[in-house]
Amino acid sequence: MQTPSFLWITDPWSTLHHSKDTTLRLMHEALNMGIPTFWTASDFIFSAPNPGEIMAVKAPAISDLAQLDQITPHAIPLSSFHQIHVRTDPPVDDAYRSLIDRLITNGAQDGVILNPPELLKHQSEKIPHTALMRYAPKMMVVRLPEDIDVLMPLFKTDSEIVSKPLHLAQSIGVAKHITPESRNGWHRLLDSLTEGFTQPILIQEFLPGIHHGETRLWFAGDTLVGALKKYPKKGDFRVLIDEGSTINAHQLNASELAIAEAIGKTNQSLGILMAAVDLIDDKICDYNITSPGLLIQLEEVNDGKNLARIVLDRALEYRAPVARE
């Protein structure tokens, strides 16, 4: 039986944090397992000369991963890959959806794009999947001034709220506010946050448990690969890994284990292979199925355990879910 070949799609090379990049870690392990491994990036993937082809680099050896951008890409038929891992970062916007649509129109076979394309195209990392909303904090997406009439009673008992721009990612633009007391106060705040109601924004209750850290759960299908604790940057309520936030190993408590079990079952039913989920106060505050990260850090706080191998073993077993009538 032919060894499955994997194509990994990332953002442009210059934007990657190479020594800590999860995709490169997974590619490294794939090569170690003897899996034919190919890499491409969103800035050159569709420059192939013929329909049905993309431009990609075949990773020749583990030692060459740091110089992938120096290897000349070649035109390769999309149909030749057994799995295509779309690992470009959020936000899930028109450019993100266009990349996935072009993969499909150029001949990517059914069931080979991971995670499933329709989920990737419509699932914001800031909002849990509908099957997991019972674990979500109180939240509402605001698009229009009329939304204030629903928003005010929803947050009337909250002294503080958090705003999260849906068109941005990686905590950019995330802010905490004193909850307005009047409709005019809400309007002034939201008019500013949405740039005159031209950009949607998520309003969420502030969870004070963030001061005791945020739990990251890493999944491969229904398997919980591992967990860690992330702490806010000093003087901030946000977790900013590149700006000084610390990470520790973490043993899940009973309530976190129950939530992890529910997430794993949901992942399995939806065909989600890779997911990173963050919990604060036992509530899902981040649900990243686009490019779940921190796998290297997770291995580091777990005494160097090879967690990438667990993920790839599950990838080799992956079967796309059967569509329901």
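Which ring does the charged end of Lys 176 sit over? In this predicted model, with residues numbered from 1 along each chain as its sequence is written, local features need pLDDT of at least 70, side-chain atom pairs count only at pLDDT 80 or more, and totals for chains, interfaces and linings use all residues. Side-chain values use heavy atoms, with hydrogens and water left out.

The ring is that of Phe 206, and the charged end of Lys 176 is 4.4 Å from its centre; the criterion is NZ of Lys or CZ of Arg within 6 Å of the ring centre and within 35 degrees of the ring normal.

Let me turn to the salt bridges, of which the whole structure holds 20, each defined as a side-chain nitrogen of Lys or Arg within 4 Å of a carboxyl oxygen of Asp or Glu. One of them joins Lys 138 to Asp 158, with the closest N and O atoms 2.7 Å apart. This pair links distant parts of the chain, since Lys 138 lies in the loop between helix 3 (117-122) and strand 7 (139-142), while Asp 158, 20 residues apart from it, lies in the loop between helix 4 (148-154) and strand 8 (160-165); helices (H or I, at least four residues) and strands (E, at least two) are DSSP runs, numbered from the N terminus. Lys 138 is partly exposed at 23% relative accessibility, whereas Asp 158 is buried at 13%, where buried means under 20% relative accessible area, exposed over 50%, and partly exposed in between (1.4 Å probe, protein chains only).

Within helix 6 (residues 254-270), Lys 265 and Glu 261 lie four residues apart, about one turn of the helix, and their side chains meet in a salt bridge at 3.5 Å, N to O. Here Lys 265 is exposed, at 55%, and Glu 261 is partly exposed, at 49%.

Finally, the aromatic pairs, which number five, are rings of Phe, Tyr and Trp (its six-membered ring) with centres within 6.5 Å, counted as stacked if the planes are under 30 degrees apart, edge-to-face if over 60, and tilted for the rest. Trp 13 and Trp 39 form an edge-to-face pair, 5.2 Å centre to centre, with 75 degrees between the planes. Trp 13 lies in the loop between strand 1 (6-10) and helix 1 (22-32) and Trp 39 in strand 2 (residues 37-41), so the pair ties together parts 26 residues apart in sequence. Trp 13 is buried at 12% relative accessibility, as is Trp 39 at 2%, and ring pairs link these two residues and Phe 44 into a cluster.
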